[in-house]
Amino acid sequence: PQAAQYTYNLIMDLVNRYDVDGINLDYIRFGSNDAGYNDVSVARFNSFSSRYGGDFNRWRRDQVTNFVRKVYANAIAVKPNLKVTADVIAGTPAPTDLADFRSRSQAYTKYFQDFPSWMQEGILDMDIGMTYFDCYGEYGPCYDPWVCFLRNHAYNRQAVAAPGVYSASCLTTQLDHTRTLACGPVTGGAIYAYHTMD
């Protein structure tokens with residue numbers, strides 16, 4: 001709770017003191033599914049365990065969601081036009097639908113990000129899918145399904161695909177797909193990481 005409060009205070013200090021257009025939440029997740037077993041977290045979970053049916057994963061997921069909710073509500077109360085965005089995990093396998101996302105995706109099951117729910121609830125203005133899949137690598141086929149998943153779960157908000165820079169040909173193909181896939185376009189594309197481009 002102290003780490004969350006400290007981070008929240010930093011964000012709100014930026015919102016209150018500076019003319020910012022938005023706040024981007026990077027690493028708004030657990031580091032892995034074996035994180036969070038410290039004494040304070042376990043004690044807090046145990047005090048709410050009956051509410052969660054003993055599901056520690058659900059409890060951890062709610063901690064992340066509650067933080068996003070708190071940041072969003074308080075930031076836009078200060079600056080109604082401010083945008084809150086988040087970098088979201090797009091690992092393997094790529095989900096086919098929301099049920100598949102909740103049962104198999106790394107975002108939901110390993111890092112405890114339920115970003116489609118954040119978008120649907122309206123506590124996030126844009127999600128930026130970290131779609132770092134090399135076109136010519138084993139996981140290249142995951143890119144297009146992720147773009148479609150992001151688009152189909154934007155809930156009238158903005159979804160962006162962020163391909164990794166592996167080669168110029170792969171990058172241009174993937175950026176093109178943000179506009180041309182049969183499922184429809186996402187809002188745009190971001191590039192990770194610019195410093196790798198020659």
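**Close-up views of a predicted model**

**View 1. Phe 112, a buried residue with positive phi.** Phe 112 is not a glycine, yet has a positive phi of about 65°. The loop between helix H5 (106–109) and helix H6 (115–121) holds Phe 112. With a relative accessible area of 0%, Phe 112 is buried.

**View 2. The largest nonpolar core.** This core comprises 46 residues. Leu 25, Ile 28, Phe 101, Phe 115, Trp 118 and Trp 146 have the most contacts inside it. Leaving aside residues up to four places away in sequence, Phe 115 touches Val 88, Ile 89, Phe 101, Ala 107, Asp 127, Trp 146, Phe 149 and Leu 150.

**View 3. The packing of helices H2 and H3.** Helix H2 (residues 39–52) packs against helix H3 (residues 56–78) at an angle of about 110°, and their axes are 10 Å apart. The two helices, H2 and H3, are therefore roughly perpendicular to each other. From H2, Ser 41, Arg 44, Phe 45, Phe 48, Arg 51 and Tyr 52 meet Phe 56, Arg 58, Trp 59, Asp 62 and Gln 63 of H3. This contact has 5 nonpolar, 2 polar and 4 charged residues.

**View 4. Two cis peptide bonds.** One joins Thr 92 and Pro 93, with omega about 0°; Pro 93 lies in the loop between strand E2 (83–89) and helix H4 (98–104). Another joins Tyr 192 and Ala 193, with omega about -5°; Ala 193 is in the segment after strand E5 (188–189).

Methods. Residues numbered from 1 in each chain as written. Predicted model: local features only at pLDDT ≥ 70, side-chain atom pairs only at ≥ 80, totals over all residues. Heavy atoms only, no water. Core = buried A, V, L, I, M, F, W, Y, C linked by side-chain atoms within 4.5 Å. Buried < 20%, exposed > 50% of the residue type's maximum accessible area, 1.4 Å probe, protein only. Contact = heavy atoms within 4.5 Å. Axes fitted to C-alpha atoms, helices over the stretch in contact; angles between N-to-C directions. Helix = DSSP H or I, 4+ residues; strand = E, 2+ residues; numbered from the N terminus. Parallel < 35°, antiparallel > 145°, perpendicular 65-115°, else oblique. Nonpolar A, V, L, I, M, F, W, Y, C, P; charged D, E, K, R; others polar.
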